[in-house]
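Hi,

Here is the structure I promised to pass on to you.

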Amino acid sequence: MYNRQVWEATPADTPIHKMDVRIKLALLAAVMLFAVGLEGARPLFFLFVCSLGMHFVARSSVQRWQVLAVFLLVGLWGTMVSQALFYNQEPRTMIACLVSPTTPWIGEWTGGIFIYREGLEHGAVQALRSGTMLTCGLLICWTTDPRQLLQCFLHWRMPFEVAFMVITSLRFLPVIFEETAVVFTAQRLRGFEPARSLSPVRWIRTAFYVLFPILARSLRRAATLALSVESRGFGRGNSRANLPMLPLPQQFACVGIFAVILVGATLKVIYSLQHNGVAYFPQLRGVYDFMAVWL
Amino acid sequence: MGVIVDCRELSFTYQNSEAPSLQEINWQIESGDFILCTGPTGCGKSTLLKAFNGLIPHEISGTLQGSIQINGKDSLQCSVANLSRTVSLMFQNPDDQIFSTSIADEVGFALENMGMTPVEIQRRVAETLAWVGLAGREQGSVHALSGGERQRLALAAVLAIRPQVLALDEPISQMDPRGAMELLQVLRKLNEEHGITIIVVEHRLHEVMPICKSVVVMEQGRLVWQGSQRDAFCQPEAFLRLGLRIPQTVHICHRLGLAAESAAVDDAAATIRAAYPACSTVVQEPLLLQREETELAIEVKALEFQYDPAGRKVLNGIDLAIPRGQFVALMGNNGAGKSTLLHHICGLQRVRQGQVKLLGQAVKGLDRRVGMVMQNPDLMLFKSTVEQEITFGLAHGLGQGKQSGDWRELVDRIGLGGMEDRFPLALSQGQRVRVAIASLLSCQPAIMLLDEPTTGQDLGHIDDIIGLLQEYTQKGGTVILCTHDTEVAARYAERVVVMTEGKVVADASPRQVFSCDEVLRSASLRTPAALQLSRRLYGGCALGVEEVVRHVQQASMGSYAG
């Protein structure tokens, strides 16, 4: 977790590493749109498994799988539990009672705390959505050189200040993880043991104690990096080399991705029109059925 | 040969600062020169470098007066991108400036910014990597490089532009002697073979001075001394006055009233022999100070450790016994296992194989009797004032028996007087290290471990720090000081332990260890110049300037007493 190299992009000889950064970002966009647009648990699960499959293709290390598993399990558990407890749509089916409404104080105050089956299902769908995005986002971070991302953002005419800001945060995130561990160690060496106390005040104080050195170091480092890249001609008023044209197979892949996005968006619109009673086309009944069952 | 950088009455004051950082600088730099720019911390050296490539005033706000012309162009009229093609600037820490994950991408970044085609970039990257000794490693990962190689990569990243002037801000301050030597050799080659003008800002002038052509000294924003390398050797008082460390050979000649012609040991020996023909009396110095048997502070037996079960052993059968009150220098190349050993001693790393005992008790976890100063002091400081930082340990139950006011004397002695209310993280690098040391010394732990505490410190402050540590050992405290600096270890340590590849390869008095060239070579360390000179002059084994000077003077008077 605190190992910097787990978080930093590493060069490797895999199809995902070799893929042009533009294709990767287009894929990420497509996955995100589908993750938001799809509502069924099955297609979302399929999308999630596909995104995990890409980590296999990228030969992510065991440590990276561990990090991914922790994030996904915590995300899945947190979303499902919160939705199961606080689901307020109807119909809803109670499958367990944690606090009876007749329990003094808390039961009377909350009206009882229950676990709802629909809430669990809804939580699982939400968790799959966020899990898919997280999986793809980490895949891009772990397989793409920050400089290539920067090149791509600038190629797409993103203001260079914004592009640099995004890339700097990606570049320094691994270092910050590593340094957080060092700060905890340094504090323990100086007699400060925050983990031994349950006092919220102490925890807040600890957060500041950790934040101070990390923030100071990050600011110093960001300032140096900014001066360094400017000294290497990065910034306003220069004629940067543009990214080369994509090779033909990757151009086809790009067109394919956009076609899939377009088809998906069109189907979603058609289905929404029918679902909300705005427009119904009998000849598209097969499409409606497919959408209702699968998407 | 023409003037490539021309500063006229150049002054600069940072925004929100009252005192100017540069004051009326008049400096003409000839093309092809190799300049060492030095001076005490905060004298304006780095600010001046930033003015050379336009970062000042274009990107760093402040008031600039006077003019600065780069290759005949007024820097105020040119953009940073434009000026960076003539003057490239490299910073101290490679990790803060390396941007990419692959070597080729890092070197190619500046070329992309210049709008070069991929074919040209590929060719230029290969050529540049060859210049810095990283040929054929284009596809490698930057994480696989050693500290010295990363610094050379950072150099290649700016060199790819093919600048006429290369300005380097403390490029070797954090490097081990081997890495520093490799980088300096590359710089010399760039200057001699490619005619690139080099300006190096550095505190470790005893290492840079022997290869530069001219030297400039700054003090409080002004150029106070300027001359050729030879002038610098002849007038070392200009450096000593400011607490700057000159090559030991030059220092010895100066102390003997002689003018050194170079920093080379042979030249110094010839000069001294000519003036003091009787200095060659062979002497036998005591090799090891005999200590009375005292309680062991640290006892390490057959300690082995590896981070990865399938990987190499980081510690490979370490045996070490350090009595109370001893001042030990722990030396070795990067990756030798020094920090891992320290982590075992203070209990940060669990002992898996072997044994570590502190004051007779086995280490079972983080041990409060040990204070450790980490290599990066920033990560140790977290309070809002220097006073709170230094008294933190006392307030948390460390340093029992210490009086609450004792720390004030410590603050004064370590050169932090008057800074008690300052925010520690806003202090200079050297000051931050001293705050970290003071915060531990205030608690008087039984054992102190210090990882490279002399980095970024000038000679005066090194003396202050070591003086306090020596006082601490006289009271029974035990010190292990991790350092690459052989001159500091030779001068102050009672005992030197050298590690290579997880093993202790030498453990003896400084005199014994530094006499053994083979051990030093295996650990990428340099024999102190004073020792080399004493060996050449009289077959001696002197550890510092004073010792050689005393011998030469006494031998020449015919009163050498041994």
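The buried residues of H15(B) are B:Val386, B:Glu389, B:Ile390, B:Thr391, B:Phe392, B:Gly393 and B:Leu394. A residue counts as buried if 20 or more other C-beta atoms lie within 10 Å of its own, as exposed if 12 or fewer do, and as partly exposed in between, with C-beta atoms placed from the backbone. With seven of its ten residues buried, H15(B) is mostly covered. Helices (H or I, at least four residues) and strands (E, at least two) are DSSP runs, numbered from the N terminus.

Before going further, please note that this is a predicted model: local features need pLDDT of at least 70 and side-chain atom pairs count only at pLDDT 80 or more, while totals for chains, interfaces and linings use all residues. Residues are numbered from 1 along each chain as its sequence is written, and chains are lettered from A and ligands numbered from 1 in the order in which they are written.

Helix packing in chain B

H15 (residues 386-395) packs with H17 (residues 429-441) of chain B at about 35°, the axes being 6 Å apart. Axes are lines fitted to C-alpha atoms, for helices over the stretch in contact, and angles run from 0 to 180 degrees between N-to-C directions. From H15(B), B:Val386, B:Glu389, B:Ile390, B:Phe392 and B:Gly393 make the contact, and from H17(B), B:Val435, B:Ala438, B:Ser439 and B:Leu440. Contact here puts the C-beta atoms of two residues, placed from the backbone, within 7 Å.

A second pair is H7 (residues 147-159) and H8 (residues 177-194) of chain B, packed at about 25° with axes 8 Å apart. H7(B) and H8(B) are therefore roughly parallel to each other (angles under 35 degrees count as roughly parallel, over 145 as roughly antiparallel, 65 to 115 as roughly perpendicular and the rest as oblique). The crossing of H7(B) and H8(B) is right-handed. Among the residues that meet are B:Gln151 and B:Leu155 in H7(B) and B:Leu183 and B:Val186 in H8(B).

Strands in chain B

Strand E8 (residues 197-201) of chain B is largely enclosed by the rest of the structure, because five of its five residues are buried. B:Thr197, B:Ile199 and B:Val201 point one way from E8(B), and B:Ile198 and B:Val200 the other way.

Elsewhere in chain B, four strands form an open sheet in the order E2-E1-E4-E5, with antiparallel pairing. Its edge strands, each pairing on one side only, are E2 (22-30) and E5 (73-74) of chain B. E1 (residues 3-14) of chain B is joined to E2(B) by six bridges, and B:Asp6 has B:Gln28 in E2(B) as its bridge partner.

Between the chains

Finally, the interface: 44 residues of chain A are in contact with 50 residues of chain B. H10(A) gives the largest share of the chain A side, 13 residues.

Definitions and conventions. A crossing is left-handed if the near helix is turned anticlockwise from the far one by less than a right angle, and right-handed if clockwise. Two strands pair if DSSP finds at least two bridges between them.
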